[in-house]
Amino acid sequence: MTAEELNRVLEMQEEILQFSSFTNGDAWELGNMILMEARRLGVSIAVRIRLNNGYTVFQYGMDGTTLYNDRWLDRKENTVRLMEKSSLRVYMELKMNEETLEDMLLDPREYAACGGGFPIRVEEAGVVGTVAVSGLDHVSDHDLLIKSISKYLHIAEVPRIRAV
């Protein structure tokens with residue numbers, strides 16, 4: 001798959017995986033669904049769901065995660081909140097344009113160009129928050145989110161990326 005094709009899949013994921021509404025209860029259910037999938041896979045992750053106003057509506061660190069994972073969550077969230085697209089899509093766009101975060105005047109200590117952050121987009125309202133995962137390689141972090149969000153939204157046919 002070419003970089004352009006990968007980027008188109010990432011765009012399609014964001015178009016397909018939109019919520020009709022998003023409440024704190026939705027955050028609780030989605031967060032737990034992500035954790036259940038991680039347990040099923042036998043992996044240890046940290047997950048956070050945060051609204052754009054900064055309010056954290058769900059957060060959990062599985063055994064084996066540390067403050068380091070929390071810092072990655074911060075950076076992935078910052079990227080999604082600023083760009084209103086997945087952090088893996090930002091990674092792909094930078095790669096395709098042969099650019100870096102610094103070229104965009106972004107501090108890599110505050111932003112991350114890697115997978116694991118995804119926008120919570122509500123139909124006809126736009127991006128209202130982020131969901132982020134840390135603990136796996138960045139493509140697997142992203143795929144865990146895609147699999148869990150699509151399951152939560154009951155959408156069976158979502159194109160997925162398993163390797164970049």
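Helix α2 (residues 24–41) packs against helix α5 at an angle of about 125°, and their axes lie 9 Å apart. Axes here are lines fitted to C-alpha atoms, for helices over the stretch in contact, with angles running from 0 to 180 degrees between N-to-C directions. The arrangement of α2 relative to α5 is therefore oblique, given that angles under 35 degrees count as roughly parallel, over 145 as roughly antiparallel, 65 to 115 as roughly perpendicular and the rest as oblique. The model is a predicted one, in which local features need pLDDT of at least 70 and side-chain atom pairs count only at pLDDT 80 or more, while totals for chains, interfaces and linings use all residues. Residues are numbered from 1 along each chain as its sequence is written, and side-chain values use heavy atoms, with hydrogens and water left out.

The crossing of α2 and α5 is right-handed; a crossing is left-handed if the near helix is turned anticlockwise from the far one by less than a right angle, and right-handed if clockwise. On the α2 side, the contact (heavy atoms within 4.5 Å) is made by D26, E29, L30, M33, I34, E37, A38, R40 and L41. From α5 come L144, L145, K147, S148, I149, K151 and Y152. By class, this contact of α2 with α5 has nine nonpolar, one polar and six charged residues, where Ala, Val, Leu, Ile, Met, Phe, Trp, Tyr, Cys and Pro count as nonpolar, Asp, Glu, Lys and Arg as charged, and the others, Gly among them, as polar.

Six nonpolar, one polar and five charged residues make up the contact of α1 with α4.

Turning to the sheet, four strands form an open, antiparallel arrangement in the order β2-β1-β4-β3. Helices (H or I, at least four residues) and strands (E, at least two) are DSSP runs, numbered from the N terminus, and two strands pair if DSSP finds at least two bridges between them. At the edges are β2 (56–61) and β3 (117–122), each pairing on one side only. The twist averages 15° from one strand to the next.

Strand β3 pairs with β4 (residues 126–134) in the antiparallel sense over six bridges. Within this pair, G117 stands opposite A132 and I120 opposite G129. Three residues lie between the strands of this hairpin, where E124 takes a positive phi near 65°. Six of the six residues of β3 are buried, buried meaning under 20% relative accessible area, exposed over 50%, and partly exposed in between (1.4 Å probe, protein chains only). Helix α5 (residues 138–152) lies across β3 and β4, running at about 125° to β4.

On strand β2 sits Y60, which counts as partly exposed because its relative accessibility is 35%. Leaving aside residues up to four places away in sequence, Y60 touches L35, R39, I45, A46 and V47.
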